[in-house]
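Hi,

Here is the structure I promised to pass on. Please open it alongside this email; my notes follow below.

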Amino acid sequence: MLPHSRKWVPVLIPAGSFLVQAGDLLARWTSYAVRPNIHRVVNPPIEVAATSRRISIPYFHYPRLDLLVEAAPACLTEGRRAARPVVAGEHTFRRQEDDKDAHGDSIEEALAAAVAAG
């Protein structure tokens, strides 16, 4: 999705490449020189799923939970304001709670529903 718009655009990834998606904390470290993105993975249609070469492997890496994340001095160029500093753990837990509130259930409830559904 383009910044400040609700328009999705296709992303062409050259053969043999990897797509790495930046998150909120990396964006803050760079004062948004590296933009965070909305991550959505959609399964391929059933008729092509078995032969699809697309693989999505989520890997989340966080800094120490007590780390103060603030703009790197090298990223404070003319015209770019520093992002507001945040404590990594507080930010991460707040994002998880926001996601839980947006979807109306907790991780535990979602797992219980998945198990019940078989």
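Start with tyrosine 32. Its relative accessibility is 29%, so the residue counts as partly exposed, between the 20% and 50% cut-offs. Tyrosine 32 sits in the loop between helix 1 and helix 2. Its phi is near 70 degrees, a positive value in a residue that is not glycine. Most residues other than glycine have a negative phi. Keep in mind that this is a predicted model.

Serine 31 is found in that loop too, between helix 1 (24–29) and helix 2 (46–49). Its phi is also positive, near 50 degrees. Is serine 31 buried or exposed? Serine 31 has a relative accessible area of 2%, and it is therefore buried, as the limit is under 20%.

What does serine 31 touch, apart from its neighbours within four places in sequence? The contacts are Ala71, Cys75, Leu76, Arg80, Arg81, Ala82 and Ala83. Take cysteine 75 from that list. It is 44 residues from serine 31 along the chain, yet the two C-alpha atoms are separated by 6.2 Å.

**Valine 86 and histidine 91**

Valine 86 lies in strand 2, which covers residues 86–87. Its relative accessibility is 4%, so valine 86 counts as buried. Leaving aside neighbours within four places in sequence, valine 86 is in contact with Leu25, Arg28, Leu67, Leu68, Val69, His91 and Arg94. Glutamate 70 is worth a look as well. Valine 86 and glutamate 70 are 16 residues apart in sequence, and their C-alpha atoms are 6.8 Å apart in space.

Histidine 91 is in helix 3 (residues 88–103). Its relative accessible area is 8%, so histidine 91 is buried. Not counting residues up to four places away in sequence, histidine 91 touches Asp24, Leu25, Arg28 and Val86. Leu25 and Arg28 are also on the contact list of valine 86.

**Salt bridges**

How many salt bridges does a search of the whole structure find? The search finds two.

One joins the side chains of aspartate 24 and arginine 95, at 1.6 Å from N to O. Aspartate 24 lies in helix 1 and arginine 95 in helix 3, so this pair ties together parts that are 71 residues apart in sequence. Aspartate 24 has 23% relative accessibility and counts as partly exposed. Arginine 95 is partly exposed too, with a relative accessible area of 42%.

The other is between arginine 64 and aspartate 66. Their closest N and O atoms are 2.9 Å apart. Arginine 64 is exposed, and so is aspartate 66.

**Surface**

Look for a nonpolar patch on the surface, formed by Val11, Ile13 and Leu19. Together they have about 290 Å² of accessible area. Valine 11 is in the segment before helix 1. Its relative accessible area is 58%, so valine 11 is exposed, the cut-off being over 50%.

For the chain, the accessible surface comes to about 10,200 Å². Carbon and sulfur atoms account for 59% of that surface.

**The chain as a whole**

The chain has four helices and two strands. From the N terminus on, the elements run α-α-β-β-α-α. Of its 118 residues, 14% count as buried; serine 31, valine 86 and histidine 91 are among them. Among contacts between residues at least 6 apart in sequence, 53% join residues at least 24 apart.

**Confidence**

The mean pLDDT of the chain is 78. A pLDDT of 70 or more is reached by 79% of the residues. Which elements have the lowest and the highest mean pLDDT? Helix 4 (residues 107–117) has the lowest, at 62. Strand 1 (residues 68–69) has the highest, at 94. Where pLDDT is low, the predicted coordinates should not be read in detail.

Best wishes

Technical notes:
Residues numbered from 1 in each chain as written. Predicted model: local features only at pLDDT ≥ 70, side-chain atom pairs only at ≥ 80, totals over all residues. Heavy atoms only, no water. Buried < 20%, exposed > 50% of the residue type's maximum accessible area, 1.4 Å probe, protein only. Contact = heavy atoms within 4.5 Å. Areas by Shrake-Rupley, 256 points an atom, 1.4 Å probe, with all protein chains shown as cover. Patch = residues over 30% accessible without salt bridge, like charges linked within 9 Å, V, L, I, M, F, W, Y side chains within 5 Å. Salt bridge = Lys/Arg side-chain N within 4 Å of Asp/Glu carboxyl O. pLDDT = per-residue confidence, 0-100.
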